[in-house]
2 protein chains.
Amino acid sequence: MELRTMILGHFLVVSLALNAGLLYRDYYNGKHKSQDVFSFNNECKNASLVTKRDAHVAKRAFLETNKAPSSKALSEIINLDHGDPTMYERYWQQMGDKTTVVIPGWKFISYFSDVRNLCWFLEPEFANAVIRLHKLVGNAVTENRYIVVGTGSTQLFQAVLYAVSPPNASEPISVVSAAPFYSSYPLITEFLKSGLYKWAGDAHKFKKDQPYIELVTSPNNPDGLSREAVVNQNEGILIHDLAYYWPQYTSISSSPADHDIMLFTVSKSTGHAGTRLGWALVKDQEIAKKMTEFIVLSTIGVSKESQLRAAKILQVLSDTHEQKGHFRENEPFFDHSYNLMAKRWKQLRDACEGETEDCESFLRDHKILTRSGKHFGESTKYVRISVLPRDEVFDQFTERLSSITST
Amino acid sequence: MELRTMILGHFLVVSLALNAGLLYRDYYNGKHKSQDVFSFNNECKNASLVTKRDAHVAKRAFLETNKAPSSKALSEIINLDHGDPTMYERYWQQMGDKTTVVIPGWKFISYFSDVRNLCWFLEPEFANAVIRLHKLVGNAVTENRYIVVGTGSTQLFQAVLYAVSPPNASEPISVVSAAPFYSSYPLITEFLKSGLYKWAGDAHKFKKDQPYIELVTSPNNPDGLSREAVVNQNEGILIHDLAYYWPQYTSISSSPADHDIMLFTVSKSTGHAGTRLGWALVKDQEIAKKMTEFIVLSTIGVSKESQLRAAKILQVLSDTHEQKGHFRENEPFFDHSYNLMAKRWKQLRDACEGETEDCESFLRDHKILTRSGKHFGESTKYVRISVLPRDEVFDQFTERLSSITST
């Protein structure tokens with residue numbers, strides 16, 4: 001019974017840790033030191049299934065490079081920190097060869113996709129698939145928008161910072177986001193010590209009468225809540241990170257999002273994290289041009305192979321919804337994903353109860369790797385856990401939790 | 001005859017403009033202003049076929065986004081600035097389906113390729129193909145090296161800067177390269193106004209008794225000459241950009257290159273520029289770790305699709321050499337490419353003679369877009385021209401040159 005009180009639903013909030021792999025550096029604590037072991041600073045998102053009392057949970061863990069998490073045994077590590085969206089693998093497997101891409105060796109050699117497009121390395125097929133999907137879901141306006149493709153939304157976030165920062169200001173522009181914010185934002189903003197922009201922390205505390213950039217993540221990472229800008233000043237530039245604004249994570253508003261700069265990514269919508277592909281919908285031509293310029297200077301465009309594969313997958317995803325009545329063997333993607341999420345949340349709630357002062361340490365003692373709430377400016381009573389691993393891993397996790405709380 | 005004297009082999013040095021797409025910003029001239037039209041700041045490399053008297057040529061041109069170069073007519077634009085290596089397209093087309101990749105939609109969803117590898121997003125297949133190719137060509141040591149994969153060597157160059165710059169120095173470390181240097185180096189080094197490193201220009205002029213980073217590009221871009229470090233101090237960190245150190249561009253030394261940090265890229269070796277894939281061979285573990293960290297912060301890894309396709313292409317390339325006797329229908333890749341280069345150089349020499357004070361303007365008047373030598377710290381008498389377009393475009397170019405010089 002002691003253990004029962006150590007893990008409690010109220011504190012153990014499980015987020016959708018989707019965005020893996022950021023090496024841990026202690027920027028968040030202002031220390032700026034490298035570490036020898038690899039750890040993964042994961043992006044997370046609570047599903048709409050999470051009630052508000054569950055909010056604000058973070059987790060932290062170290063995945064040592066020579067220890068792959070793999071086993072079934074109770075003694076082996078369950079790594080729920082790195083947030084790899086392998087949960088989606090089974091769905092795509094069941095789709096068979098519908099999403100298979102075939103690329104001949106002589107095709108797509110060129111740097112260029114469409115020289116008439118402002119974003120000249122954007123494959124038209126991918127752009128079309130993006131527009132179709134947004135129209136289907138109704139989550140964002142695509143009319144009169146420039147589409148800028150990036151190597152994941154991580155690169156696009158940096159492209160926006162570059163595009164909207166004044167090039168010749170006497171000091172870097174402040175970048176803020178309301179706490180709790182995605183813990184990678186400060187790392188990415190600071191790692192090159194840019195003279196163009198600087199991380200300025202919690203948007204709630206930003207009082208300077210100066211230009212600023214506010215990141216609005218909605219649904220928010222890590223707490224899953226819908227958000228609006230919080231700094232109430234005229235000189236602000238807003239970036240809307242809508243990575244999780246998809247039906248499996250949250251309810252979609254009746255009117256599509258219509259902001260100046262909106263970021264999306266394949267890894268959050270379909271689960272294809274390894275494809276490293278995101279897109280921005282941008283109202284202003286000059287901003288879209290400068291974002292394109294950033295991506296050219298950073299990586300001279302974006303993988304054609306990734307764009308071709310993502311185009312195919314997004315088109316098939318749309319097909320599963322539009323042909324719902326025709327091909328009953330294929331459950332529509334968002335329906336399937338929503339249901340799977342709901343099931344996992346139920347499993348988790350059934351398995352977990354308790355409270356502890358240091359939830360991350362407690363779980364680590366049981367070889368469950370998570371991220372402590374302290375990295376999100378929260379209590380150590382909270383952790384963040386990925387609920388997007390493969391079924392076997394998630395089942396093993398909830399079984400282990402049950403066995404801990406029942407002993 | 002007047003025109004004959006305006007274009008002379010001595011000044012019109014044709015480089016292999018391979019690396020396309022950098023938006024032009026006037027960093028090189030210290031102006032730091034954006035431009036409305038797109039122009040492309042191309043990487044170039046003279047083949048070993050270029051004699052020394054041909055050295056140091058650069059070109060500059062603007063490719064307006066709504067004007068695609070496409071025609072056969074004398075009146076239409078021939079754009080030889082953007083350096084797209086479509087020359088290689090025909091070879092790969094002749095290889096048929098040998099290099100075709102097939103990727104099922106459910107595969108390679110994960111962020112991770114190999115969690116036991118320091119560079120955990122490196123696909124083992126790609127790593128194996130890289131090692132095999134280097135052993136075949138004998139151009140670089142791979143034993144006891146870490147392979148770090150990047151979104152082109154452009155990203156890897158930035159990863160190295162991040163990895164070797166002192167994190168807490170009072171001022172940014174100087175980055176130098178012997179003039180004439182690849183004109184993108186200063187742009188890439190400066191565009192984020194990093195506090196970690198700064199562009200310090202011509203390595204020949206670097207006299208400060210301070211730590212520095214020296215870029216050694218060999219064969220050099222834009223003049224094709226073999227190079228060694230020129231700053232003779234103890235505190236230097238060397239980066240060897242060996243993008244063009246392949247048999248079609250230069251002769252390969254009897255002993256493989258054995259430097260601490262060596263950069264390579266698929267777009268220069270096989271012509272697959274759209275794949276956006278490069279690799280670094282790194283001796284020091286800590287540098288390889290920090291480069292990996294950069295790529296994680298910058299783009300959370302590298303497209304799996306690009307790595308899989310490149311792996312296949314590199315393996316087939318190696319096959320064409322190792323199975324030379326067995327499959328005579330497939331000319332070995334480097335032999336084919338070397339011969340094609342030789343042919344083009346001959347065509348060009350036959351067509352071009354003359355001298356002009358402003359070669360770029362002169363050629364632009366004839367709708368041939370090039371880059372002026374001034375962007376490489378050279379005279380406007382020089383231009384750089386890509387010799388890697390498709391055959392039709394190159395033939396059209398040499399025909400037009402001939403018609404100009406004969407009138």
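Colleague: Where is the place of B:Pro222 in chain B?
Modeller: B:Pro222 sits in the loop between strand 8 (212-217) and strand 9 (236-241) of chain B; helices (H or I, at least four residues) and strands (E, at least two) are DSSP runs, numbered from the N terminus. Please keep in mind that this is a predicted model, in which local features need pLDDT of at least 70, side-chain atom pairs count only at pLDDT 80 or more, and totals for chains, interfaces and linings use all residues. Residues are numbered from 1 along each chain as its sequence is written, chains are lettered from A and ligands numbered from 1 in the order in which they are written, and side-chain values use heavy atoms, with hydrogens and water left out.

Colleague: What is omega for the peptide bond from B:Asn221 to B:Pro222?
Modeller: Omega is near 20° there, and the bond from B:Asn221 to B:Pro222 is cis. In chain A, a cis peptide bond joins A:Asn221 and A:Pro222, with omega about 20°. Most peptide bonds are trans, and most residues other than glycine have a negative phi.

Colleague: On that note, what is the phi of B:Phe108?
Modeller: B:Phe108 has a positive phi of about 60° although it is not a glycine, and B:Phe108 lies in the loop between strand 4 (101-103) and helix 2 (124-137) of chain B.

Colleague: New topic: what order do the seven strands of the open sheet in chain B have?
Modeller: The order is 5-11-10-9-8-6-7, with mixed pairing, where two strands pair if DSSP finds at least two bridges between them. Strand 5 (146-150) and strand 7 (197-202) of chain B stand at the edges with a single partner strand each, so one side of each is left without a neighbour in the sheet.

Colleague: How many bridges join strand 5 of chain B to strand 11 of chain B?
Modeller: Five bridges join strand 5 of chain B to strand 11 (residues 278-282) of chain B, and these two strands run antiparallel; B:Gly150 stands opposite B:Gly278 in strand 11 of chain B.

Colleague: Which strands of chain B does helix 6 lie across?
Modeller: Helix 6 (residues 285-299) of chain B lies across strand 5, strand 10 (261-265) and strand 11 of chain B, running at about 15° to strand 5 of chain B. Contact means heavy atoms within 4.5 Å, while axes are lines fitted to C-alpha atoms, for helices over the stretch in contact, and angles run from 0 to 180 degrees between N-to-C directions.

Colleague: Now the two chains: how many residues does the contact take from chain B and from chain A?
Modeller: The contact takes 87 residues from chain B and 86 residues from chain A. Chain B and chain A bury about 7200 Å² between them, 61% of it on carbon and sulfur atoms; buried area is the accessible area (1.4 Å probe) that two parts lose on being put together, summed over both. B:Ile109, B:Tyr111 and B:Leu297 supply 11% of the area that chain B buries against chain A, more than any other three residues.

Colleague: At what angle do the axes of helix 6 of chain A and helix 3 of chain B cross?
Modeller: The axes of helix 6 (residues 285-299) of chain A and helix 3 (residues 152-164) of chain B cross at roughly 75° and come within 6 Å. The contact is made by A:Leu297, A:Ser298 and A:Thr299 of helix 6 of chain A, together with B:Thr154, B:Gln155 and B:Gln158 of helix 3 of chain B.
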